[in-house]
Amino acid sequence: MEEARIDRIKKQLHSASYKLTPQREATVRVLLEHETDHLSAEDVYLLVKEKSPEIGLATVYRTLELLSELKVVDKINFGDGVYRYDLRQEGAAHFHHHLVCIECGAVDEIQEDLLENVEKVVESRWNFIIKDHRLTFHGICYRCQQKEKGNENEKNE
Ligand SMILES: [Zn+2]
Ligand SMILES: [Zn+2]
Ligand SMILES: [Zn+2]
């Protein structure tokens, strides 16, 4: 499955006149292996280096920028000033949403769009053609809620 995906990314690069060089492929593989993570350029670099120590940070950075230009990845910032690179779901018209936990910092994803009605209202009321959107919810994740419940139970014992 991963090979098929890499093949499709390769074709995407080719159609924009780029090659999937070994350095670029190493970077793409790390992104695929960490598909649900939200890695910074530095994170990606450290993971690429484990397998291909000869690749430098600048190369990884340029590859990430290229992939984001070609819309293979999306560049996001959760407000901490760090850009993270997130693989785009194949075939998804719009970018997925994020749930950012304000207690533990975990980032979960919502792959459904759920915004069709909002988009319709915005398009008609503001006469605006929506191409994409970024939606980040800030709150407390289910894991932290469980932990809190556990702590309360301990106190009551
Ligand atoms: Zn994401
Ligand atoms: Zn949408
Ligand atoms: Zn949490």
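# Briefing on a predicted protein model

Glycine 81 is placed in the loop between strand E2 (73-77) and strand E3 (83-87); helices (H or I, at least four residues) and strands (E, at least two) are DSSP runs, numbered from the N terminus. This is a predicted model, in which local features need pLDDT of at least 70 and side-chain atom pairs count only at pLDDT 80 or more, while totals for chains, interfaces and linings use all residues. Residues are numbered from 1 along each chain as its sequence is written, and chains are lettered from A and ligands numbered from 1 in the order in which they are written.

**Confidence**

- The protein has an average pLDDT of 93, and 99% of the residues score at least 70; pLDDT is the predictor's confidence in each residue, from 0 to 100.
- Confidence is highest in helix H5 (residues 116-125), at a mean of 97, and lowest in H6, at 88.

**Nonpolar core**

- The largest nonpolar core holds 18 residues, of which Leu31, Val44, Val48 and Leu64 touch the most other members. Such a core is a set of buried Ala, Val, Leu, Ile, Met, Phe, Trp, Tyr and Cys residues joined through C-beta atoms within 7 Å. A residue is buried if 20 or more other C-beta atoms lie within 10 Å of its own, exposed if 12 or fewer, and partly exposed in between, with C-beta atoms placed from the backbone.
- At least two residues of this core come from each of helix H1 (2-15), helix H2 (22-33), helix H3 (41-51), helix H4 (57-69) and E3.
- The most is given by H3, with five residues.
- Beyond its neighbours within four places in sequence, valine 48 is in contact with Ala26, Thr27, Val30, Ile55 and Val60; contact requires that the C-beta atoms of two residues, placed from the backbone, lie within 7 Å.

**Sheet**

- Three strands form an open sheet in the order E1-E3-E2, with antiparallel pairing; two strands pair if DSSP finds at least two bridges between them.
- Strand E1 (39-40) and E2 are at the edges with a single partner strand each, so one side of each has no neighbour in the sheet.
- E2 and E3 run antiparallel and are joined by five bridges. Valine 73 has leucine 87 in E3 as its bridge partner.

**Annotated cysteines and helix H6**

- An unreviewed UniProt entry carries the annotation "binding site" for Cys101, Cys104, Cys141 and Cys144. These residues are spread over 44 residues of sequence, yet they cluster in space, with a largest C-alpha distance of 8.4 Å. UniProt positions follow the numbering used here, feature names are shortened, and annotations may be inferred rather than shown by experiment.
- Cysteine 101 lies in strand E4 (residues 97-101) and counts as partly exposed because it has 18 C-beta neighbours inside 10 Å.
- Cysteine 144 belongs to helix H6. Leaving aside neighbours within four places in sequence, cysteine 144 is in contact with Cys101, Glu103 and Cys104.

**Loop residues**

- Glycine 81 is exposed because it has 6 C-beta neighbours inside 10 Å.
- Lysine 71, in the loop between H4 and E2, has a positive phi of about 65 degrees although it is not a glycine.
- Leucine 114, in the loop between strand E5 (107-110) and H5, also has a positive phi, near 65 degrees.
- Most residues other than glycine have a negative phi.
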